Amino acid sequence: MKIRIIDYKAGNSGSVLHAVEHLGFEAKCVKSPAELEGASHIILPGVGTARATMDNLRELGFIDALSEAVLDKKTPFLGICIGLQLLFERSEEGDTPCLGWLKGEVKRFDASAVRVPQMGWNYVSFTKNSPVKAKEGHYYFVNSYHARPACDGDLWAVSDYGGKFTAAVWHENIFATQFHAEKSGQLGLELLKGFLSL
Amino acid sequence: MLTKRLIACFDIIGGRVTKAVQFKDNIDVAPAEQLAKVMYEAGVDELIFYDISASAEKRPIDIETVKKVARCVFIPFTVGGGLSSLSDMYAALKAGAEKVSVDSMAVRNPSIIAEGAKAFGRQCVVLSTQVKRTGRTPSGYEVYIDGARVATGMDAIEWMKRGEGLGAGEICVNSIDNDGSLRGYDLELMRLAGEAVNVPLIASGGAGKPEHLEELFKTTQAQAAIISSMLYSPRLARNYSVIELKDFLSARGVNVRV
C-alpha cells in the first residue's frame, strides 16, 4: 500500500497523518507530484481558502499529476473539507475556478440566516451506500462554503445548516467529505478506515 | 443543526496541564498528552491548548507538546499562546492543530488576524480575549492581555467586532472575573457578545455545575463552553464526567453530541 497525503502549504496534513497512523496504516505526506507515482490511495486534506489552495496545488505542480492519478488511473481519492470543494467547477470563495472533476459549484452559507462559518458537530445522514462504509451521526464541520453538485448521483451524504447541504460526495473512485473525518472521533476514524481498506 | 460544544481547555506549563483561578496560582494537574487522551475518550467535543506563559515570556509555542497531544486526539484541537507570525501559525497547524488562537499578540498586532485568515481560511483563526468588567469602557468590559495581567483600555465588545471584521472565524470570551469562581459564566458578557458578532462564540470562565451550562446555552448565543474546572480541577469538591454533563443537558433540551 502506498497511501499519499497531499501536503500543500496551508493544509492540515499532520492531523490526517496522525489519524491514518492511529488506524494502523503507513502513509506519507507528499510535497511534490512525483511522489504520487504508484500511490494506492490519495488524500487531499483541507484547511484554507479555495484560492490559496488552488494556487498552492498549481505552484507545487499537483494539478496534472492528481488528474492523471484520479481521473485516468482511478486511484481511490479522498478529499476533506476544502478537498471536497475543489472537486467542483467553481467556488464563490474569491470567485475561484477549481478542478472541475465534478459538475457543480461551491456557495457561501447565508450569513443572514446562520452563523458563518459553521463550526461544530452536525448530524450527517448518508443518502446511499458506497464501497466506503460510514455510519450516520455527528461529524465535525468547519466551513463557510458548501458544494452544490449538479448531479444528484454524486451526493453521498447530507446535513442541515439553515437548510440541507452537501456533507459528502461520491463519484466512482472519488470520495469527499465536507466534515473533517480525521477530527470526528470514532465515526470519522471508521470512515477513514473504510476508505483505506478499498 | 449544530450541537452545543463542550470544550476542555488546557493551560499548559512545561508540557503539563495546570489549573488557575483568575489566571493566577496555577496548580499542576497532569501531563498534557495523558489528560488529552482521557478527555478524548470521555467524549469531550473539542480541545483547546494554551501555552499560557509563551506570550508573557516572549518565546515560541511549545510545539513538541502540541505534537504529542495531536497524536492522541481525533477531535478538533485549537492551539494558542505565543503565535506571533504566519510561520508560527503554520507550525502549529502542521503539528496537528485544526485551528490557531491569537490573544495578546492580536492586540499588539491586529493584522495577524487578517493575515492568518487570508492564508489558512477564517475558520482557522480563533480570537481569544481576556475580559474584565472595569466600567472604564463603553460596554463596561475591558480587554486584558498577557495572562490577564495588563489592562489595555480597549472596549471588549468593540474589540470582538473588530476581530470579526479582520477575519476571526470564532471568538473565545474569557471572563477574568468569573474564571475559577465556580459561580457560572458571565451571561451578560456573552449576551452582549452574541448581539455584537455573527461568528461562533465560546464562553469561558466560571462553570462549576451543570446548571451553569444550561443557563449559558438557553439564555445566550454561545455555541460552546469551556468546562475545564468541572472536569478536572482539583479545587472542586467533585468533578463531573463529560457523559454526566451531556446527559444533564440533553434531558433539558439542549442539543449535544452523544
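Modeller: The model is predicted, so local features need pLDDT of at least 70, side-chain atom pairs count only at pLDDT 80 or more, and totals for chains, interfaces and linings use all residues. Residues are numbered from 1 along each chain as its sequence is written, while chains are lettered from A and ligands numbered from 1 in the order in which they are written.

Biologist: What makes up the secondary structure of chain B?

Modeller: Chain B has ten helices and twelve strands. These are DSSP runs numbered from the N terminus: helices are H or I with at least four residues, strands are E with at least two.

Biologist: Why is chain B called as compact as a globular protein of that length?

Modeller: The radius of gyration is taken over C-alpha atoms, and the globule rule is 2.2 Å times the number of residues to the power 0.38. For 258 residues the rule gives 18 Å; chain B has 17 Å, which is close, so the label holds. The C-alpha trace of chain B spans about 45 × 40 × 40 Å along its principal axes.

Biologist: What about chain A, and why does it get that label?

Modeller: Chain A comes to five helices and 13 strands. Its radius of gyration is 15 Å, close to the 16 Å that the rule gives for 198 residues, so chain A is as compact as a globular protein of that length. Its C-alpha trace spans about 45 × 35 × 30 Å along the principal axes.

Biologist: Which residues does K135(A) contact, beyond its neighbours within four places in sequence?

Modeller: L187(A) and E190(A). Contact requires C-beta atoms, placed from the backbone, within 7 Å.

Biologist: How much of each chain counts as buried?

Modeller: In chain B, 57% of the 258 residues. In chain A, 57% of the 198 residues.

Biologist: What makes the buried residues of helix 1 of chain B line one face?

Modeller: The buried residues of helix 1 (residues 32-42) are A32(B), L35(B), A36(B), M39(B) and Y40(B). The arc is that of the directions from the helix axis to the C-beta atoms. Here the buried residues fall within 135 degrees, so they line one face of the helix. Their packing partners in chain B include strand 1 (5-13), strand 4 (46-51) and helix 9 (228-232). After helix 1 comes G43(B), with a positive phi near 100 degrees.

Biologist: How do you know that helix 6 of chain B has its buried residues on one face?

Modeller: In helix 6 (residues 156-166), A156(B), I157(B), W159(B), M160(B) and G163(B) are buried. Down the axis they fall within an arc of 160 degrees, so they line one face of the helix.

Biologist: Which residues touch the most other members of the largest nonpolar core?

Modeller: A nonpolar core is a set of buried Ala, Val, Leu, Ile, Met, Phe, Trp, Tyr and Cys residues joined through C-beta atoms within 7 Å. The largest has 155 residues, and I7(B), F10(B), L47(B), V100(B) and A225(B) touch the most other members. Strand 1 of chain B gives the most to this core, six residues. A225(B) touches, among others, L6(B), I7(B) and Y185(B).

Biologist: What makes strand 1 and strand 3 of chain A a pair?

Modeller: Two strands pair if DSSP finds at least two bridges between them. Strand 1 and strand 3 (residues 41-44) of chain A run parallel and are joined by three bridges. R4(A) has I42(A) as its bridge partner in strand 3. Strand 1 also pairs with strand 2 (residues 27-30) of chain A, in the parallel sense over four bridges.

How values were computed. A residue is buried if 20 or more other C-beta atoms lie within 10 Å of its own, exposed if 12 or fewer, and partly exposed in between; C-beta atoms are placed from the backbone. Two residues are in contact if their C-beta atoms, placed from the backbone, lie within 7 Å.
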